[in-house]
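This report describes selected local features of one protein chain. The sequence and the model are shown first.

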Amino acid sequence: MRAIVLGGTGAIGGATAMLLAEAGWQVDVTGRDRSRMPQELSQAGVRFHPLERGDARGVERLVGDGADLLVDLIAYSADDVRALLPAMSAVRCPVLVSSRAVYTDDAGRHLNGDEPPRFGGPLSVTAPTLPPAPEGTDPFTREGYGPCKAAAELTALASGLPVTVIRPSKVHGRWARNARTRTVVERMREGDKQIALAGADTVDHLTAARNAAALIAAVAERPGRRILNAADPDTPTAEQIVHAVAAELSWPGEIVVVPYGPAPDGSASDGSASRDPASETPASKTPAPDDDSASKDPAAKDLASNDPASNDSASNNPAAMDPAPAPAPAEAEPWRHPWQTPMVLDMTAARELGYKPVGNGLDLIAEEVRWVLAGEPA
């Protein structure tokens with residue numbers, strides 16, 4: 001069995017390559033910079049090929065007479081997909097990694113809009129999405145990223161090929177280009193004794209790279225034209241995530257929950273508008289070859305309830321058993337953590353396909369923390 005992972009040196013790409021290589025697959029990955037190739041992948045027998053995203057002929061040559069699986073983590077537009085259709089047509093199972101940024105709420109609000117979306121519950125793969133971007137739209141902008149991803153999806157699905165589109169949420173794992181736990185690690189390692197956490201109860205659904213890889217492996221066994229969400233089986237709050245990082249670091253400090261400050265207009269804010277608008281967009285026009293799908297992951301890089309599809313309930317949610325947080329001192333300054341968007345993805349379609357997650361996101365996030373602590377290139 002042979003797999004090709006375009007953008008295979010980042011979190012999702014690397015996890016997918018490692019999983020397949022360990023299962024006996026012949027795996028080729030592409031990237032712009034050989035120095036970013038994780039040593040562990042090379043040791044597992046994964047082969048690196050220096051290819052730019054726009055080198056469609058180079059990808060065709062790499063595919064050659066065919067492959068069993070092609071995973072594209074670096075398609076940002078309809079043009080990107082169209083250029084690779086000849087290569088995709090020679091593959092038994094093509095997979096396009098997209099982004100949760102394509103979703104809108106019932107009023108058409110989306111993650112990179114001026115007004116934050118308000119989702120009424122877990123988003124299934126049939127939830128409303130952005131209209132496709134017109135030709136010529138720049139995908140490397142806040143306003144262009146989501147519509148361009150939507151256009152890429154539609155182009156792939158309309159190709160007649162058995163393309164599976166995967167929509168990750170906030171990606172975490174080894175080799176993430178935008179390791180969100182890094183900000184927490186840095187605060188705790190710098191000697192902060194207390195973190196005042198605003199929006200502590202926000203549920204901003206995580207996607208462990210290894211869980212996304214497991215989903216891709218399940219798709220490879222059953223190729224087909226479909227859309228699947230890719231998110232962890234649990235839905236931890238921001239407070240739980242920060243506590244998990246603290247536990248991995250054995251940090252002796254205190255996490256206190258504080259309310260959001262006043263909004264710019266002077267009114268009270270519930271934090272729903274405090275997202276980082278760049279969190280669902282690429283950092284530059286030369287994105288890293290793991291869109292993390294752009295943690296670089298723009299997909300990754302980018303509700304208050306548990307995902308009913310996760311088999312979690314309030315009784316087995318660790319948050320329900322946590323002691324009440326300590327009251328915040330008056331002088332505490334709220335910290336805007338990286339998990340600000342109330343958003344949960346429904347994983348029903350993936351489970352029905354036979355996908356089995358590697359583990360809970362709250363447990364797997366420790367892998368990213370350990371990678372950050374090891375000081376590997378970000």
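## Cavity and buried elements

The residues lining the largest cavity comprise four nonpolar, one polar and two charged; Ala, Val, Leu, Ile, Met, Phe, Trp, Tyr, Cys and Pro count as nonpolar, Asp, Glu, Lys and Arg as charged, and the others, Gly among them, as polar. This is a predicted model, in which local features need pLDDT of at least 70, side-chain atom pairs count only at pLDDT 80 or more, and totals for chains, interfaces and linings use all residues. Residues are numbered from 1 along each chain as its sequence is written, and side-chain values use heavy atoms, with hydrogens and water left out.

The lining consists of L6, T30, L51, E52, R53, V59 and I74. A cavity is a set of points on a 1 Å grid over the protein atoms alone where a 1.4 Å probe fits but cannot get out, and lining residues have an atom within 4 Å of a point.

Helices (H or I, at least four residues) and strands (E, at least two) are DSSP runs, numbered from the N terminus.

| Element | Buried residues |
|---|---|
| β10 (residues 226-230) | four of five |
| α8 (residues 238-249) | nine of twelve |

Strand β10 is therefore largely enclosed by the rest of the structure. Five bridges join β10 to the parallel strand β6 (residues 164-168), with T164 bridging to R226. Among the buried residues of α8 are E239, Q240 and L249. Just after α8, S250 has a positive phi of about 55 degrees.

Terms used: On a 1 Å grid over the protein atoms alone, a cavity is a set of points where a 1.4 Å probe fits but cannot get out, and a pocket is an open set with protein on both sides within 12 Å along at least five of seven lines; lining residues have an atom within 4 Å of a point. Buried means under 20% relative accessible area, exposed over 50%, partly exposed in between (1.4 Å probe, protein chains only). Two strands pair if DSSP finds at least two bridges between them. The expected span of a helix is 1.5 Å times one less than its number of residues.
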